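Please look over the sequence and the structure before reading on.

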Amino acid sequence: MTSSRIRPWLKWGLLLTAGLLLLLAAVPFSLNTQFVRDTVLDAARNAVGAPVDLDELRFSYSDGVTLRGLRVEGPAPMETFALEELIVRPGWNELLSGRVALDIQGRGVRLNASLPESAEMEEPEPESGGLPDIPGLLHQLQVPHWLMLKARIEDVAVKLETGEKRLNLSETRLFADVDGGSGRANVGLTGNSSKGAVAIAASVLPEVVSAEATLPGLELTAEIGDENLVVSVESDIARLTEFASPFLPPELPSVAGRFRLAASGPVPDQTISLQIQAGLENLRASGPSLPFPVELKLVETSCKVVFEPVGELSVREGRLQLPGLNTTFSARYAPSGKWFAAASGLRLDIPKLMALAAPLVPEDVRLGSGSVELRALAAEGDGGGPAAASVEGLEFAFGDMRVPGDVRVATLDGWLDSATVRLGEVPVADVLGLRIHGREVGLPALDRPLSGTVHVAASGLSAMPAVRDLALQAALDGGAVRFDLSGAVARRFSLSGDGSVNLAALGEYLSLPADSGTVKLAFDTEGIMPEPEKLQLPDGSLTASALLGLTDFLDRLMLNLRLDAVRLPRVAGGILVSSTEPLEVGLQNGLQRIRVELPVDISGAALPVSPRVIGSATITDLDQAEWNVRTKLPEQSLQLDSGGTASGITRLLRRGGDPLSALLSTVSARTRHRVALDGASGFDGRELSGKAELIAEADLLPDERLEGGLTVSLHELAARLGDIRLDGLQGEMRLRRAFPLLVNEQNQQPDEAGLSHRVLERGEAQRDEASEPAWGEGRLYFDALEVGGLPVPLSLSRGELVPEFGAAPGLRRFGFDLLGGSVRGSAVLDSGPDPETRLEAVFTSVDFSRLLDAALADPVAAGDASVNGRVRMTVPVQSDVRRILEEVGLEARIPSIGPSTLDAMLAAMDPHGADSAIAAQRRMVAMGGPRNLVITVRNGRLSLEGEVEAFGVRLKLPPVRRVSLADLPVRDMMEPLAEALGSVGRMARLWRAAAIILEDDGIRFSKRRPVSSAR
């Protein structure tokens, strides 16, 4: 019973075993078929996207899987891949016990690849979260307990090309030993390259992961354990970059030097703290991507890097040292992207840094010595860039500087207490306690180097520009210049300041017109900060509307200027200018109202007077102006007032074309000048006393006309003018005159814009008399007038002058007492082509003996010198004595004259008796009394005719004809007359002019009446 039951089970068990054995025996045969081989190749081709060939694919339980003759063509960048043989033997016994054991043997690997020269590297996406979890990483690197692996790949060769750059690896061996039971693993490769030996190895132990790498130009070791991390790197940068050149971008600069890095520290579960030391020796870098070649002999840095469990990174206790720079630093980075960096104890050697950047330093920049020390520097920001920065305790010192513009500085030093910058849409900065001192600063424009100091403090400084609180102080050593400024600038601005200039001290540096004294300035202003586009002229031209637009932001501006004993040595032998009260300039509502106040005292040893000048001016809307200047001369009892008004300035600024024509056709102006004397005044041998007032007025009208007026008031005025003495002068005179003003338009087209189109009438339309209204009246009296310095002095008394200001100006009448008699007459100025003065006078009982006694040795007989007569005279309006003598005309009729008086006159004409006609007249005059004497002067020659009554019979005197005036002793008497006639001529031309023509080289008076043409 039992055996019968066992036999069926055994039978089926034997049958199942036999079937399984048959199946296992058939597996190698099925895997070694062509069908399987083709299926594998098709799958491989689809996977790599390139042709794949395989010479042999075989499987056996004893030898495992064997591949021979594997070849892959592509894909890019791989060109070819070949494997001569690969054998994979599984461990069947270990597999049955639940572990995987593989023995892999291979040989004959060939890899050829070509990399593009300018492949663009894709920037990796930033990883979210914290920084690496090194303890977690160690856990991930633990060897699986179920894996046992032994692999050897021999005879591996790799060829990589990038353009002309190649990397060849030959005789390379790959190995891997993994023992999952003990948790140990070793992997790596060894081989040779054209640049040197290559060896890379990594080891995994239960508690330690280590790696070693030896490449041409690189030695690296690293070890990570449960508690420590140690990394060491040493590199020859030139050899390493040459070895790795196929993998590097072509624009990478050429770099040489040695680099070393050492990092170590504990690696607990929560925090990683690494102490890092790094250095560069003999670094040299150059290439197109660098602005200049770099050479550094030694760069050293060290720091502690701490990884927080939340992913935060911090750098502590950092130090950096390189030529020209030495500092400590720290930094912090959070996973959110916020960061902070700081440096302290920063020291810069500027000449060394300039040597590093020598190609960037201009040739005309030199620096003998220079250092910068910084107590603290900090910056912070986020992923978008820096957000704020600050500086504390900055000190600098430079020596023997030379900068562009031939500026030389012996020393420049200073410090900065603190500065902060807050970056954003509108950056804002605070600068506190900035002081700069320069010594022996030489400029081409200065006579000698100067030294000075600048202090600056600014809060809330931004690029608007704006500053919440500003304080600026500047001064030159020795007190030559001092300036202070304070205030704020934002949407509104408010600034005030003051300064002073010591002219004597500043004169050591600059050539100034003043060599001593002090100038002080103070100002205060406020307004609305303008937008930049409003500060630009609309079309580049300066017009009234543009000016008002440029300054409508200005609410108020007050300027105070004070002069204290300012000496001008080259003016009048040296004068002093002072202001007991400050000059004031005030602006309100932009340029809508401008006011200037100027009080100045002037004195000097070479000046006969010490005037005080008080001036004021007001300009409204850039269109209307009003001014007044009062000058007081206390020592001379004189006061000078000058004032006026003007309107149409805006139209003038808006008008284009010729500026002078625009002035005449748009501006209306009125000026008034007053000179008043009340007391005694005298200088340079001239003396005045009494009361006198002179008022001159001029009106410029917009129709191109000038109207002028003159008023003279005299009250008991006495004058001593050299050899002239005048007493008791009094009276009043008023004049008024109008003139058209023309611009010289020679060679200009009549329709040219901006020019006046007034022209002068020609031919019959010409007029010789003034066409504009002229008016005048007045009367002058004097008690006595004495003229000395002549061969025969003159003495006049009880004089009266009544001028005529019509078309023919002159003296309507004049009269005075002379030599015991009187003279009465009139004078008219004739304005022909050659202007001359016509004078008619009647003299009564004039005692000529007083004239002749001074010229003759023998006095004239008493009672014989009283002369009556009438004279008509024409005198050319000339300042040339020779021409006066040649052109003067005279006709004098003397009804009676004493014999001795006439004889004395003839003797004066011919003192040596050389003229026979004069001698004959003298003989007849001695016979009796002369009568009806006629004296004429024409063409520079004098003639004398008359009668003599002797024994009751009248006889004609022998005529004296054509005696040259040049031979008579009258030339000295003509000199003062010629000077006076020159002044009379100038005034006459002005008075009788029909128009005043403004030319390029001066002013010309025209007697032609102007007319207007269509505009």
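Is Phe816 buried or exposed? Phe816 counts as buried, at 15% relative accessibility, where buried means under 20% relative accessible area, exposed over 50% and partly exposed in between (1.4 Å probe, protein chains only).

## Basis and confidence

This is a predicted model, in which local features need pLDDT of at least 70 and side-chain atom pairs count only at pLDDT 80 or more, while totals for chains, interfaces and linings use all residues. Residues are numbered from 1 along each chain as its sequence is written, and side-chain values use heavy atoms, without hydrogens and water.

The protein chain has a mean pLDDT (the predictor's confidence in each residue, from 0 to 100) of 77, and 77% of its residues reach 70 or more.

## Aromatic pairs

Three aromatic pairs occur in the structure; rings of Phe, Tyr and Trp (its six-membered ring) pair if their centres lie within 6.5 Å, and planes under 30 degrees apart count as stacked, over 60 as edge-to-face and the rest as tilted. Phe483 and Phe523 are stacked because their ring centres are 6.5 Å apart and their planes lie at 10°. Phe483 is partly exposed, with a relative accessible area of 29%, whereas Phe523 counts as buried at 17%.

Phe814 and Phe816 form a stacked pair, with 6.1 Å centre to centre and 20° between the planes. Phe814 is buried, its relative accessible area being 9%.

## Contacts of Leu933

Leaving aside neighbours within four places in sequence, Leu933 is in contact (heavy atoms within 4.5 Å) with residues including Ala892, Ile894, Leu944 and Leu957.
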